[in-house]
Amino acid sequence: MSATPPPKAGPVADPAADAGTDAATGTPADDRTEDRTEDALTDDGPPADSWTDDDDWTDETLALLRTLRTPHRRNRAKAVGFAVYCTVLILIIWGGVPSLGLFLQASMGADYTGHGDDLLAAMPAGITAIGLVTFLLLVRDGLWRGPVVPPRAATDWLLIHPVRPRPVLRPWFWLSCAVAAFPGLVAAVGGMVALGLTVRTGLPAALGWCLLGGLGVPLLATCAALVVERSDRAARWVRRLTPYLTLLIIALAAQSALAVTGHPVRWLELVEMWSGPWGWAAIAALAPTPAAVAGGWVAAALLLVSTGAALVLADRAAATVPLARLRERARTAAGVLAALRTVELRSARLAVNSASGGARQRRIRLPAPRRPWLVVPWRDTLALLRSPARLGRATVLTVPALLCAVLAHGATGGLSWLATAVALTFGYLAVAQFLEPARIETDDVRRASWSPYPFASLMLRHAIVPTLAGVLLGLACAGALLAAGTGPAAWLAPAAAPALVAAGLVNACRGVLRKDLLFSPTQGTGGGPGPLLFAVWYAAGPAVGVAALTPMFSSALRGGAPAQVGKAFLMAVVAAVLLLRWARARAAKMSRVRPGESTS
C-alpha cells in the first residue's frame, strides 16, 4: 500500500525535499524561495473559509510526512533518549546517591531534625516565591516564544495548505507542558527528601503532596503563557506587571529569610498562601508536616481542578494561535537557538528583548550640554533614563548582593570568601546594566564614527555615568546598612562600584567572539581545554575584578575595623585603575581591526 495519497487538489511534497533545510535551525536553505513564498501569500495564508471538506488534506499530509521523516525521527529519538539518559544519570549521581546516603545515615542514628523548624518556617513564603517565579518565567516566555512553537517548516509551508491546525499544533503545546513539568517533578522529589530527613514525614505522603504543587504550578503557568501568546492585551499586562512581581518575589524571599531567623508574620503568610496557585502549592507541601495549615485538602482540590480545567481549555485554544504570530515566534526561536549554539549570548538576549517588547524606550529629553566633553555623559544619561528597566534590574540585583554581604559579615573562613565573591558578582551584574551604551558602540566600531575622540578614549568616557550611578546605588545601600548598625564596612558598597564598572568595560571591549577557542581540530575527540579557555576569555573582566577584590573585602566584612575597610578601599582603587587600562588597551586593539575580524 503506497504512502502517497491520490491527487485531489494538488501535489503534496515535503518542504525539506523541495528547498532543503538547515539542520541546525530548521530554516529554509534558499532564502529566495522563502521570499517568493511570503510575497505570494498574506500573513495568514489563504482564507480558511475558501476551503471545503473535499480540500482537507490533513490525514494524508501527516501520514506522508511521517513516512518521509522516519529516518529523521529515529535520529531525533536517539538524540532525545541520550539527553534524557544523561539528565537522569546526573540526577542520580548528584541527587539520588547522596540522598540515599543521608537516609542510610539517618537509619543508623544520624539526626537531621535540627533543621526541620527552619525548613518549616521558610516554606510558606519561600514556596510562594518559587511559584511566582515559575509563573513569571513562563508567561515572560510567552511574550516571545510561547508554549505553541512549531518549527519554521510547519509554519511557513505546512499550515498554509488546507490542513487542520489542531493536529499540527497540539503536540507542541503538550511538549511544552512536559518540559515545564519536569523541573517541578525534580523539585517535588527534592522536597520529599528534605521533609523525610528533617521533619521525618512519610516519603509517600510527602511526595504526593509535593507533586500537587510541583506539577500543578508549572502546568498552570504554561496555560497562562498560551493566553499571553494569543492575546496582545494579556502580553501588555505581563510587561506592565513584571517589575511589580519581581519586587514582590524579592519581598517574599526576604520574608522567608526573616521567618528562618525567628520573625515570622503568620497572618501575612496565610494571605499569601491563599492568594493563588503559587500559594496553594505551599499549603499542599505543608499538609503532611506538623506545620500544616487548615484547609490543605481544599488547596489540593483547587490545584487539581484548576489545573485540569486550564489544560482542557488550553488544549482547545492551542489551535487558535494566528499563523502570522506562529511564523514570527518560530523565526525568533530559531534565531535565539542559533545564537545560543554559537555562544552569542548578547545576540540571543537582544532577539528576545526585541520580540517580547523589552526594548521599549521612554520619550525623555535633557538640555543639550554646553561643553563638548559632556556630550558622551549626556548621551549615556539620556539612554539610561529612557530605559528605566535597567535601573530597576540594577536595583533588584543589589538585594542579593547585600544579603550575601551580610552573610559574609557573620561567616568565617572559606564560607566568608564564597559569600563575598557571590556578593561582588551580583554587584557586577547590577552595575553592568548601566554599560549598555558602551556595549552598543563595541557591537560595531563603525557606530563610533560620530565621536571626535579615539575609540579607546571614547570607551573610557562611557564609564563615567555607570560609575556615578553605581556609586549612588552603593551609597543608598550603605545608608540602609548604617541604619541597621553595620558599621564602617557599609562603605564597601560604593567603594566597589568603580572597579566593577571597569570590569564590565573590559568585557564590553572583548571584541569578536573567539570561536576558535571552542572549536579547534587540535583539541581532539575529548574536546580539550577549549571550553574552559573560552569561558576564561568570555568573562575575563568580572573574573579578574571579583578575584582581586574578594580577599580584602572578605577581611573587611568580617573584621569591620576602619583600617581593614581602608585597605579594601585602596585595593578597589588600584583594581579600577588597572582594569580601566586593560579596557583601554582592548578598545585600542578593536579600533585597529576591521569589522568581522578577530582581535586575537
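The following questions and answers go through a predicted model of one protein chain.

Local features here need pLDDT of at least 70 and side-chain atom pairs count only at pLDDT 80 or more, while totals for chains, interfaces and linings use all residues. Residues are numbered from 1 along each chain as its sequence is written, and side-chain values use heavy atoms, with hydrogens and water left out.

Student: How many helices and strands are there in the protein chain?
Tutor: Helices (H or I, at least four residues) and strands (E, at least two) are DSSP runs, numbered from the N terminus. On that basis the count for the protein chain is 24 helices and 0 strands.

Student: What percentage of the 600 residues in the protein chain is buried?
Tutor: Buried means under 20% relative accessible area, exposed over 50%, and partly exposed in between (1.4 Å probe, protein chains only). Of the 600 residues, the buried share is 41%.

Student: Are α5 and α8 roughly parallel or roughly antiparallel?
Tutor: Axes are lines fitted to C-alpha atoms, for helices over the stretch in contact, and angles run from 0 to 180 degrees between N-to-C directions. Helix α5 (residues 116-144) packs with helix α8 (residues 203-230) at about 30 degrees, their axes 8 Å apart. Angles under 35 degrees count as roughly parallel, over 145 as roughly antiparallel, 65 to 115 as roughly perpendicular and the rest as oblique. Therefore α5 is, relative to α8, roughly parallel.

Student: Which residues have the most contacts inside the largest nonpolar core?
Tutor: A nonpolar core is a set of buried Ala, Val, Leu, Ile, Met, Phe, Trp, Tyr and Cys residues joined through side-chain atoms within 4.5 Å. The largest one has 55 residues. Elements giving two or more residues to this core include α5, α7 (165-198) and α8. Those with the most contacts inside the core are V148, L158, F173 and L226.

Student: Which residues does V148 touch?
Tutor: Contact means heavy atoms within 4.5 Å. Leaving out residues up to four places away in sequence, V148 touches L169, F173, L226, E229, A318 and L326.

Student: Which helices do the buried residues of α15 pack against?
Tutor: In helix α15 (residues 375-385), the buried residues are V376, P377, D380, L382 and L384. Their packing partners are α16 (388-410), α18 (436-443), α19 (455-461) and α20 (464-483).

Student: Where is R200 found?
Tutor: R200 has a phi near 60 degrees, a positive value in a residue other than glycine. R200 lies in the loop between α7 and α8.
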